[in-house]
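Please open the structure in a viewer and keep the sequence at hand.

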Amino acid sequence: MESLITLSRLQFALTAIYHWLFVPLTLGLGFIIAFMETKYYRTGDEFWKRTTKFWMKLFAINFAVGVATGIILEFEFGTNWSNYSWFVGDIFGAPLAIEGIFAFFMESTFFAVMYFGWEKVSRKAHLVSTWLTAFGTNLSAVWILVANSWMQYPAGMAFNPDTARNEMVSFVDVALSPVAINKFLHTVTNAYVLASIVVIAVSAWFLLKNREHELARKSIRIATIFGGLSLVAVMLTGHTSSTNVAKLQPMKLAAMEGLYEGQKGAPLVAVGMLNPSKKPMEQAGQEQDPYLFSLSMPKMLSLLATNSTDGFVPGINDIIRGGYEFTDIKGNTYIEPSFEQKKAQGTLAVNALKEYQLAKKSGNDSLMAQTRKTLDENFKYFGYHYIEKAEDLVPPVGITFYAFHIMVALGMFFVLLFVLYYIYGRKNKLEDTPWLLKLGIISVPLVYICSQAGWMVAEVGRQPWTIQDLLPVNAAVSGVAASNVATTFIIFAVLFTATLVIELRIMFTQIKKGA
Amino acid sequence: METLKRIWLFYYEGFTSMTPMGKTLWVIIIVKLIIMFAVLRLFFFKPALANYNTPEAKSHAVIENLTK
């Protein structure tokens, strides 16, 4: 069972990571192209048409090679995660159906006009199509992120014990939850930063090769402004994301910081290395230091999580023990139950579901009503029934901690990168600064690592849950053979790697050809 | 009818005058979709609940899994 869960998770992670290699460039480059074509529309300058067409080629390569990589995730839901797939019910159905309609009609229609329509439609119609393609790709992302946000913060639904499915009772609560809005903004602005850095890097390469000077300089100017402003938005939404996580997934926040014992005025680790032998709930007197070394910023974690320098941030052990005052995202303050209390409530809920089914079979209406009431009252902790021991509640601290700190450190580096490119670009000194041009090129793998690290924090940090507090991975997984999952894992690894190599080869060929 | 004809010609001319890079990308898309739907979906990714014919049977199977 353990190997099946691990393999299924690894396969999903592999697919999601590869999918996310293609998506962010599409999301961001679409808008950069639209800005460039707007320049062409306003000035009529053929230079902007040539520049737009060059970046459009790279957009098309990335779009075509990346298209449908996300479909495999849906295959995996049905085959490897069938209990989960059934349990989420129509919560996923509606957003994904809307996504499908948007993706098909908006992208395919306006994408075609973008590429086939230069000489066939008016300049205005072409520009509108380019903007709508950019908005279309971003709108597709909305619905996927709404579905993901619901797993982090299940809201706007009711569990139906007759079908074992969650049914949507409020589309607004699902689509406009604070987590969904913030996750969308944080994710797409991150994608804009990534695309801007790719544009800067390609342009920097042209300048280093003494080619395409005007295209490179003007592309860098647009990418620096767009990427810099997007990075500000990434930081602001990153802060909101932290406060959301503190209220909804405090275990994830504790893992992000390697925080085992909570405190008021908690410090934020700036640089540190975790102690690999540290365990949750160590015996009194035998507690180990969580870090081999660390440099921390006093009170910053409390500020990040609670908007107050003296706010209490619970650690991993506090969350297991419970008994501290906690304010949830709706502003309700209560004493947090311990793991054992939550597990007891989860077991009550699962047993009530079982008894409800028996009562239904025997036609006992009063018992059905009684068990339904018990189920509803305890459903909040339904998933805790499947968690064997308290330690299983703790996500992989090492991956979550390092991914979070790599993401933040690279984010700070990109601030510096955009500032330098802005200053040197304004002074027209980029061509004379080869070290900065090389730094721009090196930043491409770094921005992809940063983006993937963000997703690792979000997804690894919420383990063991597929749906927060309601369904852990061990209850969500299907009873398929682990060897099947291993086989498809290898097929995917080969297929995706081949796809990536093909994309890079075609893209490098087009970049070398220039505009 | 005239509109439909114009839409058809728009796509027809677009595809027939496509650059070699565009053709390569279409080949990649088609090969990838064939692998995904004709190989992976068909042989490796049968939905685990497909053996249950009705929604009621699927619900029952999941409830059994969740309450065992």
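A residue is called buried under 20% relative accessible area, exposed over 50%, and partly exposed in between, using a 1.4 Å probe and protein chains only. The model is predicted, so local features need pLDDT of at least 70 and side-chain atom pairs pLDDT 80 or more, while totals for chains, interfaces and linings use all residues. Residues count from 1 along each chain as its sequence is written, chains are lettered from A in the order in which they are written, and side-chain values use heavy atoms, without hydrogens and water.

Rings of Phe, Tyr and Trp (its six-membered ring) pair if their centres lie within 6.5 Å; planes under 30 degrees apart are stacked, over 60 edge-to-face, and the rest tilted. The count over all chains is 48 aromatic pairs.

Select Phe116(A) and Phe15(B): the ring centres are 5.2 Å apart and the planes at 70 degrees, so this pair is edge-to-face. The pair crosses between chains, joining helix H5 (residues 90-116) of chain A to helix H1 (residues 2-16) of chain B; helices here are DSSP runs of H or I, at least four residues, numbered from the N terminus. Phe116(A) is buried at 15%, whereas Phe15(B) is partly exposed at 36% relative accessibility.

Next, select Phe10(B) and Tyr11(B), an edge-to-face pair with 5.6 Å between centres and 85 degrees between planes. Phe10(B) is buried at 14%; Tyr11(B) is partly exposed at 28%.

Finally, select Tyr18(A), Phe75(A), Phe492(A), Phe496(A), Phe37(B) and Phe45(B), which form one aromatic cluster.

Technical notes:
Helix = DSSP H or I, 4+ residues; strand = E, 2+ residues; numbered from the N terminus.
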